[in-house]
Amino acid sequence: MGLHLAYNIDLDVAGLMILVILYIVVRTNYSVTDDLIQFRRFLVAAALTVAADIATCVAIGSARVMNPLLASVIYMSYYDLQMLAGYYMCCYIAILKKRRGGGDDYHSETLLPGLIFVGAVILMIINLFMGFFNRFDRELGYSHGPFFGLMFILPLIMVFISISLLIRARSVLRKWEIRTILILYTLLVVGIALRVTILPEYMPDGFLIALGALGILFSLETPDYRSLMKTMDDLERATRIKDNFLISITHEVRTPINTMLGMNELILRKSDNDEVRECAENAVEAGNTLLSLVNDLLDLSKVESGTQEIVNAEYEPASLINDCYNMISDRAASKGLEFTIICEETIPSLLKGDMIRIRQVMINMLTNAVKYTDKGSIIMEVRGREIGEGRVNFIIKVSDTGIGIREEDLPKVFEKFGRADLPRNRSIEGTGLGMPLSKGLCQAMNGDIEVMSTFGKGSIFIATIPQEVVDPTPLGTFKIGGEHKNIAPMKYHLFNAPKAKILIVDDTKLNLKLIKKLLEPTQVQVTTAESGPKALSLLEEEEYDLIFMDHLMPDMDGIETYKLFKESNSSFNKNTPVIMLTANAMRGMKEEYLAMGFDDYLGKPVIGEKLEQMIIKWLPADLIELL
Ligand code: ADP
């Protein structure tokens, strides 16, 4: 009774040997981790599949001489072992995902492949007796059953599930890892395709699977790669902790800085002593620098951690450009620099985007141009380039005739804390945060910023940011400066309003004291409330002309208080304007507060003249006597 082989098994034998060697290497040289255990199980199942494939080859070739039940069991084990290998591959992917912090749904993710494996075992047991897939017979030999083709459905589903698992894990797995596992599946498919097409005599799939497993071992499971991955995991975790720390600490630091600035303003107001005033002025200047540094750090950590929100709203480019002019022109004039804005007439008059962020980028570019230019001029050119689908690229180009940047220093410009030509620029105040932040913001808005420079001659910064067009009517000839240009320099004590009654709601006593003091010269009658409930009861008792409401307060915050106040429909203060007064000076907040129903917004630190201007804006004119 001679046994015959139905196919050439050379490649399968080679594959089996590779798989066995891989298993021995993994078993002896590696420290055990969860993913390695699954990989080892996969290796065992794959090796047994290949061995069973070889045995099946014997069973098919010797069907007329072998016990049919034994031959069917051999075939069944081949089929089910390959399903088991597929199941372990799913477990391996799921455990990799879990280890990389992709969530703790390992059990739910491996449930379906497990059920499919069990289904395959049951089906093959039924096939033993019914022979609907295939059958072995002493007389007829090996033959396909009526549903032979359906047998391939379950392995296909298993492959499909593993690939979908891989796709779901793509955010936590590295591209390289995904590619290596996909190569294994590609090799498997190629192996099967070869077997049923040009190499019917051979069984190359076992060999190719062994090569795929070898690839996984050498890329994902080498000790070096694993320790590298661990280091990267640790680094990512540390970066996350750093970002969160930075975000919370900068938030915390803003509050005392605001108080310091407010107190300094009081000193400036109260003191006639020149020496004291000079000290206080210096303290205000240093405080403002510190505040803008803290704001930049906060923004930058948000940009880097991807938590930076872009708040899109409609805005007029004309007013954006005007703002920039007003904020920079005095600074440029004080250095004797000519400051020109050239604005393309065809820019749409109404756009949609995050104007506050774009302004931040523009101001950063302009401030730098002024800072790094001692003589000559600064030109800001603004253009709009249509990019289809109702969008334009909003292009802002700032050129200066300043010190310029050496070619080798250009890459440093957008690096965090990267200050070019430090020895020469040391005397110029700066932190090296403005440009990386601007770049991050532009990129968060799907745009970019670039720099060109000739050392000693000047620099050009170009920001390009795509924006939605709301009203394509051309902006037309744009007047630089416009009505804001000749705005009177701000001064203290702009009005008297002895009959006006204002309610200030803030949980920080110091803030209440500060605002009261700031308003002392105006003779306004100021009432204060340290909490939401206190404010609500005051509003039930008395009529006020204006209310300032802090946002973040313990128990009942400003928004809740505002809502309850509006719902209460108190007869006294039905029409009293409510102004949000908050240290939550994040860009985009103003629009949110206005949408909630607040009449206006005043950011902390409370600056005397801004507070006064806000009161002038909202108090009934008959209560105010302008000075
Ligand atoms: P800084 O706070 O130091 O100005 P930025 O991030 O705004 O930091 O800019 C990074 C560096 O790029 C600066 O330190 C400076 O060396 C260089 N730089 C930026 N703008 C200009 C400019 N207009 N002219 C010359 N150098 C510039």
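1. S459 is found in strand β9, which covers residues 458-474. S459 is buried, since its relative accessible area is 5%. Here buried means under 20% relative accessible area, exposed means over 50%, and partly exposed lies in between (1.4 Å probe, protein chains only). The side chain of S459 makes a polar contact of 3.0 Å with the side chain of S453. A polar contact is a pair of N or O atoms within 3.5 Å; within protein, one must be able to donate a hydrogen and the other to accept it, and residues adjacent in sequence count only if both atoms are side-chain atoms.

2. A note on the source. This is a predicted model, in which local features need pLDDT of at least 70 and side-chain atom pairs count only at pLDDT 80 or more, while totals for chains, interfaces and linings use all residues. Residues are numbered from 1 along each chain as its sequence is written, and side-chain values use heavy atoms, with hydrogens and water left out.

3. Phi of E389 is near 50°, and E389 lies in the loop between β6 (377-388) and β7 (391-400). E389 counts as exposed because its relative accessibility is 78%. Phi of N446 is near 70°, and N446 lies in the loop between α13 (434-444) and β8 (448-454). N446 is exposed as well, with a relative accessible area of 63%.

4. Salt bridges come next. A salt bridge is a side-chain nitrogen of Lys or Arg within 4 Å of a carboxyl oxygen of Asp or Glu. By this rule the count is 21 salt bridges. One of them joins K97 and E109, with the closest N and O atoms 2.7 Å apart. K97 lies in helix α3 (residues 68-99) and E109 in helix α4 (residues 106-130), so this pair ties together parts that are twelve residues apart in sequence. Both K97 and E109 are buried. What links K97, D105, E109 and R168? These residues are linked in a network of salt bridges.

5. R174 forms a salt bridge with D233, the closest N and O atoms being 3.7 Å apart. The pair links distant parts of the chain, 59 residues apart: R174 is in the loop between α5 (153-168) and α6, and D233 is in helix α8 (residues 223-270). Is R174 buried or exposed? R174 is buried, because its relative accessible area is 15%. D233 is buried too, at 16%.

6. D234 is partly exposed, with a relative accessible area of 31%, and K230 is partly exposed, with 48%.

7. The surface carries a patch of negative charge formed by D272, D274, E275, E278, E281 and E285. Patches are made of residues with over 30% relative accessible area and no salt bridge; like charges are joined within 9 Å, and nonpolar side chains (Val, Leu, Ile, Met, Phe, Trp, Tyr) within 5 Å. Lys and Arg count as positive and Asp and Glu as negative, while His and the chain ends are not counted. The place of a charge is taken as NZ of Lys, CZ of Arg, CG of Asp or CD of Glu. E281 is partly exposed, with a relative accessible area of 41%.

8. A nonpolar patch on the surface is formed by V118, I122, I125, I126, F129 and M130, with about 590 Å² of accessible area together. Accessible areas come from the Shrake-Rupley method with a 1.4 Å probe, and for residues only the protein chains shown count as cover. I125 lies in helix α4 and is partly exposed, with a relative accessible area of 38%.

9. Two C-alpha distances can be set beside their sequence separations. V13, in helix α1 (residues 10-29), is 190 residues from M203 along the chain, and their C-alpha atoms are separated by 9.7 Å. I192, in helix α6 (residues 175-196), is 114 residues from G306 in sequence and 44 Å away in space, C-alpha to C-alpha. V13 counts as partly exposed at 33% relative accessibility, and I192 is partly exposed at 42%.

Notes:
Helix = DSSP H or I, 4+ residues; strand = E, 2+ residues; numbered from the N terminus.
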